[in-house]
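Please open the model in your viewer and keep the selection tool at hand.

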Amino acid sequence: MTYSDLAYEALENLKTLQESFRKDYHIDDYSHWFYNQSTELLRLYNASEEAYFKYIPVGTYSKSSKTWMWAWDNEDSVEQSKYDTLVLQHYGVDNDFEKLSNGYFDSDECDGWKFTALAHQFLGGIGGYKVTSDHLEIYFLIMEKKELHEVKAIEAKLIECEVHGEIRRAFICQHLNREVKTGFEEAFPTYRGMVLEEDDDFQAWCDECEKIRIQHDGWSDELMEFAEIKLVCERCYFEIKEFNTEEE
Ligand SMILES: [Zn+2]
Ligand SMILES: [Zn+2]
């Protein structure tokens, strides 16, 4: 199959899907949008109603430079799900489709929906959505609608960091810092951008706390008092982790 055949087929499929997406979710009733890269949620709203959707960022088309940039190639895109779109990149490499294998290139207005359609072909979802911000057209693959209580649960796990903005929270003992190495014990092995189960949080403590934890066979009241667990943002957490675990 050539690239044009593939894109044509994907676009036809998306057109059908868009009709039911717009009708079933009353998409055209909402005149405003807001998206949050930390929660990967798109909020559509008007004066009286709102709806939330989980999205995967597909990419952006710049009307000023007439270029396309895939989300996986975009450093400003912090959504972890952008890496899901690498499946298209790999397919592009295997089949020599440059528009899929390259991250950034000259393009035109038609490409955005084509790429969103292709993303749907590979990743599924319930529709596509485009927002325009200044000279940028930003394309999203909409994966599912989220109910308000689900949105609240996701947002409750965010923290506003002065340095890193509003992102996921993490828990650390008061002794962990970025100046003096104190050791770094974790509730479970972690890595940057890790997807957590609903009941899980990033949690870490120092060697001293760990000693007491072993002595007390768990988190005793005394240890809780000593540890004085505090909240930091996810990125601060990993900065502290890297500082404490790097080789001399
Ligand atoms: Zn500690
Ligand atoms: Zn931070």
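Predicted model: local features only at pLDDT ≥ 70, side-chain atom pairs only at ≥ 80, totals over all residues.

Begin by selecting D5, which has its place in helix α1 (residues 3-24); helices (H or I, at least four residues) and strands (E, at least two) are DSSP runs, numbered from the N terminus. D5 is partly exposed, with a relative accessible area of 43%, where buried means under 20% relative accessible area, exposed over 50%, and partly exposed in between, using a 1.4 Å probe and protein chains only.

Residues are numbered from 1 along each chain as its sequence is written, chains are lettered from A and ligands numbered from 1 in the order in which they are written, and side-chain values use heavy atoms, with hydrogens and water left out.

Now show the whole chain, which has eight helices and 12 strands. Its C-alpha atoms fill a box of roughly 65 × 45 × 30 Å, taken along the principal axes, and of the 248 residues in the chain, 43% are buried.

Next, select strand β3 (residues 50-62). Is this strand largely enclosed or largely open? Since 11 of its 13 residues are buried, β3 is largely enclosed by the rest of the structure.

- Strand β2 (residues 41-45) pairs with β3 in the antiparallel sense over five bridges; a hairpin of four residues joins β2 to β3, and L44 stands opposite A51 in β3.
- Strand β4 (residues 67-70) and β3 pair in the antiparallel sense over four bridges, and in their hairpin, which has four residues between the strands, K66 takes a positive phi near 50 degrees.
- Strand β7 (residues 136-146) runs antiparallel to β3, joined to it by 10 bridges.

Which residues are the bridge partners of T60? In β7 the partner of T60 is I138, and in β4 the partner of T60 is M69.

From β7, move on to strand β6 (residues 127-133), which is joined to β7 by seven bridges and runs antiparallel to it. Select K130, and you will find that it stands opposite Y139 in β7. The hairpin of β6 and β7 has two residues between the strands, and D134 in the turn has a positive phi of about 55 degrees.

For the last stop, show the surface and select W219, whose place is in the loop between α6 (207-215) and α7. W219 counts as partly exposed, at 32% relative accessibility. Together with M224 and I229, W219 forms a nonpolar patch on the surface with about 250 Å² of accessible area. Patches are made of residues with over 30% relative accessible area and no salt bridge, with like charges joined within 9 Å and nonpolar side chains (Val, Leu, Ile, Met, Phe, Trp, Tyr) within 5 Å; a salt bridge is a side-chain nitrogen of Lys or Arg within 4 Å of a carboxyl oxygen of Asp or Glu. Accessible areas come from the Shrake-Rupley method with a 1.4 Å probe, and for residues only the protein chains shown count as cover.

Finally, select E225, which is found in helix α7 (residues 221-227) and is exposed, with a relative accessible area of 65%.

Key: Pairing = 2+ DSSP bridges.
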